[in-house]
Amino acid sequence: MMYSDKVIEHFTNPRNVGEIEDASGVGEVGNMKCGDIMKMYLKIDDATNMIEDVTFKTFGCGAAIATSSMSTEMIKGKTISEALELTNRAIADALDGLPPVKMHCSVLAEEALKAALLDYQKKSGKNLGLNEEDFEDWDEE
């Protein structure tokens with residue numbers, strides 16, 4: 001299986017690894033088929049809706065770690081609205097592509113972000129337009 005240099009770089013030197021103790025939102029998702037589990041932590045400024053900090057902890061393959069790392073880089077410093085626009089395809093493209101059998105990893109990264117934002121929505125009372133049903137039958141692109 002061939003991985004791009006960016007995938008290898010984000011796997012061997014992942015960015016933003018860890019936990020945020022007082023996270024504004026935490027999302028955890030997993031894929032039963034491959035065993036990957038991703039947990040994303042967000043620190044959001046309530047006044048500006050800016051994602052001040054984002055970290056992750058991932059148990060999984062190299063592609064799962066790379067997509068987690070890249071997704072945090074892509075949303076750090078962005079607004080919630082901008083983060084909600086992030087797609088699994090954009091994550092894969094930012095890594096210069098993923099093998100087809102590993103695209104589910106980029107889906108998990110997108111889903112972990114949305115799960116963390118859903119948790120923030122519940123905690124803050126802000127309506128971000130996310131629902132629990134958004135996570136049923138997640139469609140891999």
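D96 is exposed in this predicted model, with a relative accessible area of 52%. The side chain of D96 meets that of K6 in a salt bridge, at 3.9 Å from N to O. The largest nonpolar core has 34 residues.

**Salt bridges**

- The structure holds nine salt bridges. Side chains of opposite charge can pair when their charged atoms come close.
- K6 and D96 link distant parts of the chain, 90 residues apart. K6 lies in helix α1 (residues 5-12). D96 sits in the loop between α4 (88-94) and α5.
- K6 has a relative accessible area of 37%, so K6 counts as partly exposed. D96, at 52%, is exposed because the cut-off for that class is over 50%.
- K43 and D22 join their side chains in a salt bridge at 3.1 Å, N to O. This pair also links distant parts of the chain: K43 belongs to strand β2, D22 to the loop between α1 and β1, and 21 residues separate them.
- K43 is partly exposed, with 25% relative accessible area.
- R15 and E9 form a salt bridge through their side chains, at 3.4 Å from N to O. R15 is partly exposed at 24% relative accessibility. E9 is partly exposed too, with a relative accessible area of 34%.

**The sheet and its helices**

- Six bridges join β1 to β2 (residues 37-45) in the antiparallel sense. G25 has L42 of β2 as its bridge partner.

**The nonpolar core**

- Which residues touch the most other members of the largest nonpolar core? They are M40, L42, I75, L113 and L117.
- At least two residues of this core come from each of β2, β3, α2, α3 (80-84), α4 and α5.
- α5 gives the largest share, 11 residues.
- I75 touches M40, L42, I51, V54, A83, L86 and L113, leaving aside residues up to four places away in sequence.

**Helix α2**

- Of the 14 residues of α2, 12 are buried, so the helix is largely enclosed by the rest of the structure.
- The buried set is G62, A63, A64, I65, A66, T67, S68, S69, M70, S71, T72 and I75.
- What covers these buried residues? The cover includes α1, β2, β3, α3, α4 and α5.
- At 1.5 Å a residue, α2 should span 20 Å. The end C-alpha atoms of α2 are 20 Å apart, which agrees.
- G77 follows α2 and has a positive phi, near 85 degrees.

Conventions. Residues are numbered from 1 along each chain as its sequence is written. This is a predicted model: local features need pLDDT of at least 70, side-chain atom pairs count only at pLDDT 80 or more; totals for chains, interfaces and linings use all residues. Side-chain values use heavy atoms; hydrogens and water are left out. Two strands pair if DSSP finds at least two bridges between them. Helices (H or I, at least four residues) and strands (E, at least two) are DSSP runs, numbered from the N terminus. A salt bridge is a side-chain nitrogen of Lys or Arg within 4 Å of a carboxyl oxygen of Asp or Glu. Buried means under 20% relative accessible area, exposed over 50%, partly exposed in between (1.4 Å probe, protein chains only). A nonpolar core is a set of buried Ala, Val, Leu, Ile, Met, Phe, Trp, Tyr and Cys residues joined through side-chain atoms within 4.5 Å. Contact means heavy atoms within 4.5 Å. The expected span of a helix is 1.5 Å times one less than its number of residues.
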